[in-house]
Amino acid sequence: MSRVILILNGPNLNLLGQREPDIYGRTSLEDIRALASARATGHGLEADFRQSNEEGELVSWIQGARTTAAGIIINAAAYTHTSVAILDALLASGLPVIEVHLSNIYKREEFRHHSFVSRAATGVICGFGAQGYELAVDAMAQLLNKAKTA
Ligand code: DQA
């Protein structure tokens with residue numbers, strides 16, 4: 001089995017650290033990449049960490065993961081609330097999916113309360129800022145270990 005976890009980040013997350021820091025924190029996406037990669041290494045896994053502002057590119061990466069990754073962690077950002085295409089790609093992947101958000105989307109505007117991604121996700125981690133990615137890697141490692149011993 002692949003030991004790679006694909007960690008996907010959607011639009012505007014390239015601006016983390018500068019973008020609305022009161023909501024999203026001061027940690028940059030590069031810092032989050034380092035945190036998530038270190039956590040994955042600690043579990044004997046490898047993080048393939050990517051960001052795109054384009055829906056189609058995210059869909060193509062999810063399709064690619066079917067043959068290269070063991071699981072997907074995704075913060076689809078604004079596409080969380082709009083993208084049936086990303087949901088369908090996640091469902092088609094047949095891989096375990098964990099959804100992450102830096103902010104607690106349920107504490108925010110009503111339009112952020114609905115997530116298409118959630119329908120494909122084993123679980124959702126939101127509201128813990130950058131630490132949410134580390135928690136997601138821990139959860140994915142557990143899911144993969146369980147699948148191995150099942
Ligand atoms: C986000 C929450 C989304 O509603 C928003 O569009 C984002 C970031 C988060 O990580 O809190 O861009 O996914």
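1. Let me start with a contact worth a look: in this predicted model, the side chain of His101 places an N or O atom 2.8 Å from an oxygen atom of the ligand. Leu102 takes part through its backbone, where an N or O atom lies 2.8 Å from an oxygen atom of the ligand.

2. How much of the ligand's accessible area does the protein cover? On its own the ligand has 320 Å² of accessible area, and the protein covers 99% of that. The space that the ligand takes is the largest pocket.

3. Now for the surroundings of the ligand. Besides His101, Leu102 and Ser103, the residues around the ligand are Arg19, Tyr24, Asn75, Ala77, Ala78, His81, Ile105, Arg108 and Arg112. Sorted by class, this shell has five nonpolar residues, four polar ones and three charged ones.

4. Moving on to charge pairs, you will find six salt bridges in the structure. One of them joins Arg39 to Glu134, with 3.4 Å between the closest N and O atoms. Which parts of the chain does this pair link? Arg39 belongs to helix α2 (residues 29-42) and Glu134 to helix α5 (residues 131-149), so the link is between distant parts of the chain, with the two residues 95 residues apart.

Terms used. Residues are numbered from 1 along each chain as its sequence is written. This is a predicted model: local features need pLDDT of at least 70, side-chain atom pairs count only at pLDDT 80 or more; totals for chains, interfaces and linings use all residues. Side-chain values use heavy atoms; hydrogens and water are left out. A residue is near a molecule or strand if one of its heavy atoms lies within 4 Å of it. A polar contact is a pair of N or O atoms within 3.5 Å; within protein, one must be able to donate a hydrogen and the other to accept it, and residues adjacent in sequence count only if both atoms are side-chain atoms. Accessible areas come from the Shrake-Rupley method with a 1.4 Å probe; for residues, only the protein chains shown count as cover. On a 1 Å grid over the protein atoms alone, a cavity is a set of points where a 1.4 Å probe fits but cannot get out, and a pocket is an open set with protein on both sides within 12 Å along at least five of seven lines; lining residues have an atom within 4 Å of a point. A molecule sits in a cavity or pocket if more than half of its atoms lie within 2 Å of its grid points. Ala, Val, Leu, Ile, Met, Phe, Trp, Tyr, Cys and Pro count as nonpolar, Asp, Glu, Lys and Arg as charged, and the others, Gly among them, as polar. A salt bridge is a side-chain nitrogen of Lys or Arg within 4 Å of a carboxyl oxygen of Asp or Glu. Helices (H or I, at least four residues) and strands (E, at least two) are DSSP runs, numbered from the N terminus.
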